[in-house]
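Try each task before you read its solution.

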Amino acid sequence: MTDSDRRDAPRLKIRVPIEIEVEGGSGPIRGATADLSAGGCYIETLFPHPVGTTIDLKLQLENTLLVAATVVTCDPQVGNGIRFERMLPEDFEELKKYLEALEQDESKQAGAS
């Protein structure tokens, strides 16, 4: 089974500012997504968290979306795959609309070339 077979939603290569807090951590870690979907994201970091780590994530779209998430993959000195577990319904709707708009832009650009 490939990674794409396990995903519920397509991931788009997009850098979105994020802030991560880990329980017992020394404070927020700021960075950006490498890709993003309605169900999760990939974060590039030299110091990835172990699989199973529960994190609180802030995604910076037009508003700040608060997400409870879990680390599902750990690539040493590369990054983490993150699965979104819980977020407010209005935050989820904003994320979905953001991703749909990106997909439409990408398909327009692909059609123009």
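**Exercise 1.** Is D35 buried or exposed?

*Solution.* Start with what you are looking at: this is a predicted model, where local features need pLDDT of at least 70, side-chain atom pairs count only at pLDDT 80 or more, and totals for chains, interfaces and linings use all residues. Residues are numbered from 1 along each chain as its sequence is written, and side-chain values use heavy atoms, leaving out hydrogens and water.
Next, recall the cut-offs: buried means under 20% relative accessible area, exposed over 50%, and partly exposed in between (1.4 Å probe, protein chains only). D35 has a relative accessible area of 10%, so D35 is buried.

**Exercise 2.** Find the salt bridge that D35 forms with R11.

*Solution.* First, the rule: a side-chain nitrogen of Lys or Arg must lie within 4 Å of a carboxyl oxygen of Asp or Glu. The side chains of D35 and R11 meet at 3.4 Å, N to O. Then place the partners: D35 is in strand β2 and R11 in the loop between α1 and β1, 24 residues apart. Helices (H or I, at least four residues) and strands (E, at least two) are DSSP runs, numbered from the N terminus. Finally, R11 is partly exposed, because its relative accessibility is 22%.

**Exercise 3.** Which residue does K58 pair with in a salt bridge?

*Solution.* K58 pairs with E19, their closest N and O atoms being 3.7 Å apart. K58 sits in strand β4 and E19 in strand β1, 39 residues apart. Salt bridges with shared partners join E19, R30 and K58 into one network.
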